[in-house]
Amino acid sequence: MPVGLARKIAFETLRRVEAEGAYASDVLHDALGANVKPADAALATEVALGVLRWRRLLDSLLARHLQKPVDRLDLAVALALRIGIYQLRFLEKIPARAAVHESVELAKMARKASAAPLVNAVLRRVAAESRTPAESLLPDDLPPAERLAIVHSHPTWMVERWLARFGEARATALLEANNRRPRLSCALHEPDRREQVLHELERSGLRIEHGSFLKNAFAVSGGSPARSEVFRAGLISIQDEASQAVPLLLGARAGDRVLDLCAAPGGKTAALARAAGDKGLVVAADHHAHRLRAMRAQLQRLGLHGVKLIEMNAEQPLPFREKFDRILVDAPCSGTGTLARHPEIRWRLRPEQLREFHDLQDRILANALDDLAPGGRLVYSTCSLEPEENEDVAKDVQTNHPGVLLVRSEIVMRELAEHLEPTVEARSLFDSEGYFRTSPANQPTDGFFAAVFTKT
């Protein structure tokens with residue numbers, strides 16, 4: 001029996017993530033075209049992202065039945081084993097026999113037929129204990145942080161950091177959130193057509209939920225909104241709700257000169273372009289030409305043709321002659337606020353990189369502030385939870401740039417309030433220091449940080 005399409009796509013996605021450093025979401029986006037049935041697309045996504053989220057726990061459970069660690073096996077064999085045990089442990093609707101058989105066939109498909117007996121034997125033993133709680137199968141003498149890290153499938157260094165900062169209860173809530181399927185949120189671009197848009201999505205078989213805090217956000221499940229007519233018509237975009245909130249903090253107005261300095265993939269740029277209007281100027285810059293090409297296609301889908309796209313390195317002095325009224329620096333960062341959506345990050349990130357990101361962010365912000373007009377506003381944001389990239393960078397700005405001040409949080413909250421659901425208080429999205437923050441442990445969103453500055 002040949003391997004099913006869903007598992008083939010999941011296997012190839014995981015292979016490219018491991019061997020090429022690709023991102024699973026990008027590979028899946030390219031692989032799951034209109035010719036792939038929704039059921040196959042859903043299973044491929046579930047298996048690929050599930051294996052990445054739970055990789056450490058899966059490898060620990062597999063190691064009980066192997067003579068060497070999983071990561072020392074041939075990659076194709078390791079992936080076949082991980083795909084098999086993930087289905088046995090987490091997908092109750094998949095018969096154990098089918099999970100084992102298809103993993104054996106995946107090994108053969110990858111020209112590792114000699115390893116097929118090993119895959120078969122190990123997964124059969126794993127299947128026999130698949131209903132036993134995983135924690136009871138781990139060694140008794142593990143240090144508490146390492147046990148927590150294995151059970152929740154995160155690097156130990158990351159868990160130790162979060163335990164020290166948040167305490168056990170909050171850190172555990174964050175670990176659990178990172179292993180849940182993230183909410184698929186959308187931005188509604190024409191609020192006056194809300195009922196029509198939601199009706200069309202429901203007619204296509206999608207289930208709709210209210211946003212968590214934004215009026216023009218909603219969540220979908222049961223399929224992909226990217227296959228819908230309202231998506232193709234540019235009436236909605238797929239974008240995390242916290243990400244949708246960040247450009248609103250900039251307070252861009254009609255006629256403003258706006259710079260989006262690290263713009264791709266462009267969701268925030270689109271919001272800024274609508275706010276600045278036809279009489280404004282919106283410049284979107286990114287360091288990578290291929291990302292700008294993808295961004296151009298998205299802006300065309302949305303009918304936003306006036307945005308100026310520029311390829312440039314924001315670590316260098318910016319090439320503009322005139323100052324900007326509004327600048328968004330959605331900076332390159334570790335991405336620890338997006339581990340549910342991009343689970344491979346947890347296995348790639350090293351603790352020393354947090355300082356490297358901090359220094360990079362400082363350099364980018366220094367260049368951006370040079371091009372901010374007096375009285376203008378700059379928003380610095382990340383999708384990180386780490387202080388090195390968030391409040392530490394914000395404090396560097398205030399120390400190193402005289403005349404640059406944090407905008408009083410009361411002002412930003414008042415402006416943001418008009419975009420919120422009536423039952424939501426803007427204050428709930430800001431911390432005691434006046435920074436905008438979301439966390440997967442508290443909201444069904446990615447973890448975002450933002451600081452709002454003005455130049456006197």
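Predicted model: local features only at pLDDT ≥ 70, side-chain atom pairs only at ≥ 80, totals over all residues.

Modeller: Arginine 7 counts as buried, at 9% relative accessibility, because the limit for that class is under 20%. Its partner in a salt bridge is glutamate 102, with the closest N and O atoms 3.7 Å apart. Glutamate 102 is likewise buried, and its relative accessible area is 9%. Arginine 7 belongs to helix H1 (residues 5-20) and glutamate 102 to helix H6 (residues 96-109), so this pair ties together parts that lie 95 residues apart in sequence. As a general point, side chains of opposite charge can pair when their charged atoms come close.

The structure holds 33 salt bridges, and two further pairs deserve attention here. In one of them, aspartate 74 forms a salt bridge with lysine 112, and the closest N and O atoms are 3.2 Å apart. This pair links distant parts of the chain, 38 residues apart: aspartate 74 sits in the loop between helix H4 (55-63) and helix H5 (75-90), while lysine 112 sits in the loop between H6 and helix H7 (116-128). Aspartate 74 counts as partly exposed, at 38% relative accessibility. Lysine 112, at 28% relative accessibility, also counts as partly exposed.

The other pair joins glutamate 322 to arginine 257 by a salt bridge whose closest N and O atoms are 3.8 Å apart. Here too distant parts of the chain are linked, 65 residues apart: arginine 257 lies in strand S5, and glutamate 322 in the loop between strand S7 (308-311) and S8. Arginine 257 counts as partly exposed, with a relative accessibility of 23%. Elsewhere, salt bridges that share partners join Glu12, Arg15, Arg16 and Glu20 into one network.

The strand that carries arginine 257 leads on to the pairing of S5. Strand S5 (residues 257-260) pairs with strand S6 (residues 281-286) in the parallel sense, over four bridges. Within this pairing, valine 258 has valine 282 of S6 as its bridge partner. For leucine 259, the bridge partner in S8 is isoleucine 327. In general, the side chains of a regular strand alternate between the two faces of the sheet.

A further group of strands has antiparallel pairing. Four strands form an open sheet in the order S2-S3-S1-S4, and the pairing in that sheet is antiparallel. Strand S2 (207-210) and strand S4 (236-238) are its edge strands, each of which pairs on one side only. On average, and with direction ignored, neighbouring strands of this sheet are turned by 35° against each other. S2 pairs with strand S3 (residues 217-221) in the antiparallel sense over four bridges, and arginine 207 stands opposite serine 221 in S3. Helix H11 (residues 194-203) lies across strand S1 (184-188), S2, S3 and S4, and runs at about 140° to S2.

To return to the request, the pair formed by arginine 7 and glutamate 102 connects helix H1 with helix H6, whereas the pair formed by glutamate 322 and arginine 257 connects a loop with strand S5.

Key. Residues numbered from 1 in each chain as written. Heavy atoms only, no water. Pairing = 2+ DSSP bridges. Helix = DSSP H or I, 4+ residues; strand = E, 2+ residues; numbered from the N terminus. Salt bridge = Lys/Arg side-chain N within 4 Å of Asp/Glu carboxyl O. Buried < 20%, exposed > 50% of the residue type's maximum accessible area, 1.4 Å probe, protein only. Axes fitted to C-alpha atoms, helices over the stretch in contact; angles between N-to-C directions. Contact = heavy atoms within 4.5 Å.
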